[in-house]
Amino acid sequence: MFDKPLAALVAEVEADSSWRGLLELFDSNAATDISSPTALRPLIISALAQRRLVVAVTATSREAEDLRADLTSFVDENSIAEFVSWETLPHERLSPSADVVGRRLATLRRLRHASEDSQVPIQIIVAPIRALLQPIVRGIADMQPVSLRKGETSDFQAAIVGLAAAGYARVDLVEKRGQFAVRGGLIDVFPPSEEHPIRVEFWGDSVDEVRTFSVADQRSLGEAEGGLWAPPCRELLITDDVKRKAAALIEQQPSIADILEKISEGIYVEGMEALAPVLANGMDTFLDLLPADTSIITCDPERIRTRTHDLVATSQEFLEASWLNAAAGNKTPIDLGAASYKDLAELREIAARHGQSWWSISPFIADEDTTDTLVLAAQATPTYRGDTDKALVDIRAALASNNRVVLVAAGHGSAERLTESLGSHDIAARLVDVLPSPLTQHTAFVVQGNLDHGFSLPGANLVVVTEDDIAGQRSSTKDMRKLPARRKRVIDPLSLKKGDFVVHEQHGVGKYVEMAQRTIGGSTKEFLVIEYAPAKRGAPGDVLFVPADQLDSVTRYVGGEAPSLHRLGGTDWAAAKTRARKAVRQIASELVRLYAARNAAPGYAFSPDTVWQRELEDAFAYNETPDQLQVIQEVKADMERSVPMDRVVCGDVGYGKTEIAVRA
């Protein structure tokens with residue numbers, strides 16, 4: 001009945017009277033505020049999601065990722081979706097990354113067309129508040145992905161046109177998400193929502209093979225069972241209607257005529273999403289796309305309220321100082337307010353208009369009047385901070401009091417060690433993959449799952465303790481579940497001096513000026529000030545303010561000579577990156593030819609070990625392990641065979657290194 005490690009807890013807690021009251025309120029669609037320990041949030045959301053769609057809102061993106069990970073131990077992972085937020089602000093001259101856009105559009109597509117695309121219906125959507133505050137282009141959920149499956153009949157040229165129309169950049173070699181390449185009858189595509197790029201091989205107008213491949217060496221990894229499913233990489237696609245609107249604005253907005261001209265010609269431009277209010281057919285919010293019986297649950301509403309205030313204030317400042325409205329020479333100002341962040345009051349009005357209930361889960365009660373607050377009779381498990389003896393005493397006492405005890409560990413190895421530790425202290429413990437229902441008394445159940453902290457429900461005679469509660473720190477196993485695709489070199493502003501050259505990944509080489517503080521809506525924030533080349537000859541240089549939380553987009557210039565500054569919005573930086581990519585491809589091509597020549601050259605067979613070699617080895621002061629001896633013998637055997645030249649070179653160097661390594 002239960003196939004997830006902690007799913008049985010949902011049934012176990014229904015014995016608690018306050019929990020039954022929560023379910024009755026939810027079934028009546030009567031929105032209310034809930035007061036409970038933070039650890040209960042995944043359990044509450046999982047239980048309520050069995051009844052209708054739930055949108056769990058967090059204060060930050062990191063909290064959303066952690067909550068989603070915790071929920072996977074209670075419900076099917078495929079029924080959970082994450083609606084991520086842009087890493088850029090609505091009025092910046094920066095486009096969101098392709099992987100962020102792809103993940104957003106994939107979630108919206110599933111939400112509106114789950115049955116059409118044969119996908120598992122969504123039960124829970126986890127989203128940071130920033131994702132809900134930002135308006136989105138109307139009709140965004142209906143954007144068609146490019147779909148190709150093995151054995152299907154599809155026009156080769158139509159697939160290429162479809163990818164270009166979906167915002168994918170055509171390149172010679174696919175290196176990152178949002179790109180595609182064409183070679184003969186092959187189309188390489190890197191969808192934003194996939195871990196690896198996909199290679200589609202055509203035979204005429206028939207899809208012959210669909211395989212994943214590695215970006216590093218472009219080699220196939222295996223068949224892509226689901227085929228190619230490539231959602232758009234842009235939230236503002238250049239349609240015929242968008243082209244006409246851009247062309248009509250050229251005369252009214254001469255200061256951005258170059259950008260509008262490119263859009264009118266069907267060319268995607270960095271930061272064009274800021275023009276969505278005047279180019280698209282309207283703006284909606286995420287709540288406008290949800291069904292009427294959806295329940296929005298805000299986790300820790302006070303932190304969400306503070307986060308919303310800061311985001312709205314920052315968005316308003318960027319709008320007022322927008323590169324669009326601040327440009328001199330505009331005949332008619334552009335109204336881009338429709339893309340600004342909404343506030344919580346507006347979101348609640350939209351939810352009420354659609355018949356969506358608005359709930360909140362808070363770890364504390366806002367005031368003494370609890371009329372409108374449902375208080376769950378639960379307590380958080382104490383943090384033992386490594387005091388294992390104290391934890392074992394409490395677990396033994398809980399079992400003696402006829403409580404059902406569950407211990408949750410992040411990894412299988414730590415779950416086994418926890419079970420052994422309980423057994424060595426004469427505590428009955430049972431390691432299980434999935435919790436049984438009903439849970440029996442007098443035995444502690446140990447299970448592997450994602451849960452940060454435990455809790456106790458006296459009304460249900462249930463005690464849950466996690467590995468983090470005992471150790472007093474977050475388990476490294478959970479932190480390792482998701483590794484970044486690339487580690488960025490975050491610049492240290494304290495190490496910069498005025499006049500140092502820095503590089504912004506979107507705008508190119510500039511000159512560091514200072515760290516400045518600016519007050520926005522009552523809160524003070526720090527910005528890295530970068531000076532760029534002037535837009536017009538004789539004018540002062542343009543200045544870019546980079547928020548302190550976006551310093552990962554700035555690196556120190558490491559060239560050997562003083563560079564020339566780039567212009568904001570100019571093409572010099574894009575041209576420089578294009579030349580660098582071309583040089584890298586040329587070097588890669590030369591390396592391929594070099595290794596091909598080595599592979600074709602005859603090899604050299606080294607002679608077997610002599611008496612002197614064995615005497616030298618016997619004089620070694622240490623004893624090799626069996627694995628080290630095996631490696632030495634395999635390398636020697638490889639060198640004594642006549643192998644291709646590239647193997648000989650690598651083997652010769654490798655033999656020396658191996659010999660040194662095992663004897664050091």
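Predicted model: local features only at pLDDT ≥ 70, side-chain atom pairs only at ≥ 80, totals over all residues.
**Ground rules.** Residues count from 1 along each chain as its sequence is written, and side-chain values use heavy atoms, with hydrogens and water left out. Local features need pLDDT of at least 70, side-chain atom pairs count only at pLDDT 80 or more, and totals for chains, interfaces and linings use all residues.

**Helix H2.** I looked up H2, residues 17–27 (helices are DSSP runs of H or I, at least four residues, numbered from the N terminus). Ser 18, Trp 19, Leu 22, Leu 23 and Phe 26 are buried there (under 20% relative accessible area, 1.4 Å probe, protein chains only). Seen down the axis of H2, these buried residues fall within an arc of 145 degrees, so they line one face (the arc is that of directions from the helix axis to the C-beta atoms). On the other side, Ser 17 and Glu 24 are exposed (over 50%). Asn 29 follows H2 and has a positive phi, near 60 degrees.

**Core.** The largest nonpolar core has 48 residues (buried Ala, Val, Leu, Ile, Met, Phe, Trp, Tyr and Cys joined through side-chain atoms within 4.5 Å). Leu 9, Trp 19 and Leu 435 have the most contacts inside it. Helix H3, residues 41–49, gives the most to this core, with 6 residues.

I then checked Trp 19. Leaving aside neighbours within four places in sequence, Trp 19 is in contact with residues including Leu 40, Leu 43, Ile 44 and Leu 376 (heavy atoms within 4.5 Å).

Terms used
Helix = DSSP H or I, 4+ residues; strand = E, 2+ residues; numbered from the N terminus.
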